[in-house]
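Dear colleague,

Please find the structure below. My notes on its charged and aromatic side chains follow.

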Amino acid sequence: MSVNGRRAAVLGSPIAHSLSPVLHRAAYAELGLGDWSYDRFEVDEEALPGFFEQLGPEWAGLSLTMPLKRAVIPLLDSVSGTAASVEAVNTVVRTGDGRLTGDNTDIPGMVAALRERGIEQVESAAILGAGATASSALAALARICTGEVVAYVRSEARATEMRQWGERLDVDVRTADWADAERALHAPLVIATTPAGTTDALSHAVPERPTTLFDVLYDPWPTTLAARWSAYGGAVVSGLDLLVHQAVLQVEQMTGRTPGPLDVMRKAGERALAER
């Protein structure tokens with residue numbers, strides 16, 4: 001990196017699996033930003049304040065993954081309404097006057113990934129899971145879903161959380177037991193937010209004419225559910241699609257410039273996954 005270069009990075013724990021460096025570096029190359037660098041750092045909640053204390057003026061921004069999306073909020077000067085709506089920040093940008101601002105590009109990234117596949121609006125939807133990604137999915141559905149969202153969860157505590165998020169985001173949320181999750185597959189839009197392997201047992205229940213599945217995983221890919229869904233002719237949006245769309249928004253905020261075609265970043269991600 002040159003003396004005048006700018007720095008950015010992704011922080012989290014674990015972080016070795018992150019594709020963010022691949023995507024952001026591909027965008028920098030496309031934009032001709034040869035003096036920009038993007039790295040990854042293993043940082044947990046305890047180490048996060050210390051990392052922020054040593055950030056110099058060369059730092060343009062940070063991407064954050066688990067478990068830092070909520071822990072970072074007290075360290076910031078301001079947070080966008082989008083990030084505040086789900087109490088989760090995945091993007092930090094240093095402004096010209098040195099202030100640190102937080103945003104959430106996962107939510108508009110989800111909306112953009114669906115729009116790329118022609119999904120502008122749905123009458124109802126189903127969410128598999130109830131973790132942090134599920135709340136972002138609810139926030140995305142607040143923008144495109146005109147009716148009920150059914151969340152399939154494993155505990156009453158999780159059910160309560162999802163209903164509370166629904167009230168906060170003004171989404172009509174009904175919760176159902178995970179034992180009935182096969183019913184979710186008949187919704188106009190299904191968003192799977194669960195860890196790898198969790199939805200494998202549902203693949204036998206994919207309907208003959210599936211609609212759209214948004215599976216937020218990207219490694220391993222395809223998931224068993226996504227493979228069956230695609231084989232039956234349904235539309236599938238992947239976690240890589242989400243990662244690319246939210247990364248484009250991060251690059252725009254950090255560099256002030258819009259990357260070229262999405263395919264440049266997507267293909268870079270696909271190559272990196274193929275090499276694993």
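Is R25 buried, partly exposed or exposed? R25 counts as partly exposed, at 44% relative accessibility (buried means under 20% relative accessible area, exposed over 50%, partly exposed in between, with a 1.4 Å probe and protein chains only).

This is a predicted model, in which local features need pLDDT of at least 70 and side-chain atom pairs count only at pLDDT 80 or more, while totals for chains, interfaces and linings use all residues. Residues are numbered from 1 along each chain as its sequence is written, and side-chain values use heavy atoms, leaving out hydrogens and water.

The structure holds 14 salt bridges (a side-chain nitrogen of Lys or Arg within 4 Å of a carboxyl oxygen of Asp or Glu). One of them joins R25 and D39, at 3.7 Å from N to O. This pair links distant parts of the chain, with R25 in helix 1 and D39 in strand 2, 14 residues apart (helices, H or I, of at least four residues and strands, E, of at least two are DSSP runs, numbered from the N terminus). D39 is partly exposed as well, at 24%.

A salt bridge also forms between R115 and E120, whose closest N and O atoms are 3.4 Å apart.

Aromatic pairs number 4 (rings of Phe, Tyr and Trp, the last by its six-membered ring, with centres within 6.5 Å; planes under 30 degrees apart are stacked, over 60 edge-to-face and the rest tilted). F51 and W59 pair edge-to-face, with 6.0 Å between centres and 70 degrees between planes. F51 is buried at 12%, and W59 is buried at 3%.

Yours sincerely
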